[in-house]
Amino acid sequence: MINLELPKKLKASANQAHQVASQIFRPISRKYDLAEHAYPVELDTMAAMVEGLADSGTQKIGGAAGGRNDEAAETDILANANGGNMSALLNALETSWGDVGLMLTIPYQGLGNAAIAAVATDEQLARFGKVWASMAITEPSFGSDSAAVTTTAVLDGDEWVLNGEKIFVTAGERSTHIVVWASVDKSLGRAAIKSFVVPRDAPGLSVARLEHKLGIKASDTAVLLLQDCRIPADNILGSPEVNVEKGFAGVMQTFDNTRPLVAAMAIGVARAALEELRTILTEAGVEISYDTPAMNQHAAAAEFLRMEADYESAYLLALRAAWMADNKKPNSLEASMSKAKAGRTGTDVTLKAVELAGTLGYSQRLLLEKWGRDSKILDIFEGTQQIQQLIVARRVLGKTSAELK
């Protein structure tokens with residue numbers, strides 16, 4: 001028999017995250033949606049709390065810094081480990097239920113932290129484990145094709161010199177460090193793409209502008225310029241050696257950790273919309289029954305049941321991907337499946353909720369319209385819906401990227 005109940009230690013952590021979402025995020029959600037680029041000062045008090053929880057052994061609230069799970073590596077192969085990835089996923093889900101833009105702005109919980117957790121050496125983890133790291137991959141010349149990186153990194157003595165432009169960097173202005181993807185040798189193709197930790201005060205690093213966006217307005221999205229930017233030689237994550245046979249699997253491993261987290265964000269927003277919609281429908285006299293066939297119920301109730309089923313599917317797929325990561329099982333297929341399902345479900349649920357709620361859904365009296373705007377990015381960043389489906393197809397059919405484009 002399969003038991004899908006969460007362990008007690010994860011329930012406690014998720015409950016803490018939910019309290020943060022309920023008591024801190026929800027009350028200020030509209031405020032920072034309207035005040036784009038304004039820093040949410042209310043989150044400053046969270047930085048010390050998050051660090052204190054981490055030092056005490058309690059999982060982090062935001063979730064984006066999760067992923068490293070040394071405990072699981074020491075666990076007997078027959079045991080089931082629920083560690084950093086699972087806790088990070090649940091925390092991301094709960095805080096995104098409150099406000100996904102604010103969740104992406106929690107100090108010291110950037111998406112770059114997941115990259116560090118995924119590929120850093122133990123020494124690097126000790127150095128960068130408590131920084132606030134954003135992640136810089138996308139460039140003006142490409143979006144989904146991460147192998148098309150043109151930013152370069154040249155070793156000059158005991159320093160790397162980076163040159164290039166990065167766009168759509170989440171928390172790009174506020175973070176203390178940026179994980180930058182760059183090529184150490186363009187002639188070797190994608191195998192030469194490595195990730196580098198660039199401190200905010202590194203010479204040659206600057207913020208060109210902040211983007212105005214459809215949603216997640218509480219989160220700053222920056223364009224970064226690297227002009228002869230110098231960083232220490234040991235700030236390259238993992239091994240500096242270029243392994244042509246392995247390709248750039250090392251840096252891509254980051255996505256196996258972060259895609260389930262983004263799936264969790266979409267699931268959290270979808271759950272918020274479903275809960276709000278259920279209240280609206282109930283108050284309008286629409287009964288939602290689990291005993292009566294959907295075809296015999298009110299059309300709005302039937303739609304609600306359909307969306308709730310999609311929500312449950314996305315949730316279980318995300319749990320599976322995180323559990324596999326915690327148990328050292330290759331999860332690239334499952335990570336993409338969870339991201340594709342959750343991203344699609346998030347936009348479907350939130351926009352349908354706006355529609356079914358009528359004038360209430362489209363107005364700013366509720367947060368429904370905001371969740372509809374916020375959810376779209378969760379189907380785009382960390383790999384678009386189309387890219388996730390392409391990855392799934394390759395894995396299922398046993399095709400390489402050259403064979404199936």
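# Chat about a predicted protein model

User: What secondary structure does the protein have?
Analyst: There are 12 helices and 7 strands. These are DSSP runs numbered from the N terminus: helices are H or I with at least four residues, strands are E with at least two.

User: And how many of the residues are buried?
Analyst: 54% of the 405 residues count as buried. Buried means under 20% relative accessible area, exposed means over 50%, and partly exposed is in between (1.4 Å probe, protein chains only).

User: Which residues sit on which side?
Analyst: I193, S195, V197 and P199 are on one side, and K194, F196 and V198 are on the other. In a regular strand the side chains alternate between the two faces of the sheet.

User: Which strand is joined to β5 by 7 bridges?
Analyst: That is β4, residues 177-183, which runs antiparallel to β5. Two strands pair if DSSP finds at least two bridges between them. Within this pair, W181 stands opposite S195.

User: New topic. Where is S219, and is it buried or exposed?
Analyst: S219 is in the loop between β6 (205-210) and β7 (221-232). S219 is buried, with a relative accessible area of 0%.

User: What does S219 touch?
Analyst: Leaving out residues up to four places away in sequence, S219 touches G101, L104, T105, T170, A171, R174 and K213. A contact means heavy atoms within 4.5 Å.

User: What about phi of H37?
Analyst: Phi of H37 is near 80°, a positive value in a residue other than glycine. Most residues other than glycine have a negative phi. H37 lies in the loop between α1 (8-34) and α2 (44-55) and is partly exposed at 23% relative accessibility.

User: How many salt bridges does a search of the whole structure find?
Analyst: The search finds 27. A salt bridge here is a side-chain nitrogen of Lys or Arg within 4 Å of a carboxyl oxygen of Asp or Glu.

User: What is the N to O distance for R373 and D33, say?
Analyst: It is 2.8 Å for the salt bridge between R373 and D33. R373 is in helix α11 (residues 368-378) and D33 in helix α1, 340 residues apart, so this pair links distant parts of the chain. R373 is buried at 18% relative accessible area, and D33 is buried at 5%.

User: And R306 with D348?
Analyst: Their side chains meet in a salt bridge of 3.0 Å, N to O. R306 lies in helix α8 (residues 299-326) and D348 in helix α9 (residues 332-356), so the pair ties together parts 42 residues apart in sequence. R306 is partly exposed at 32%, as is D348 at 26%.

Definitions and conventions:
Residues numbered from 1 in each chain as written. Predicted model: local features only at pLDDT ≥ 70, side-chain atom pairs only at ≥ 80, totals over all residues. Heavy atoms only, no water.
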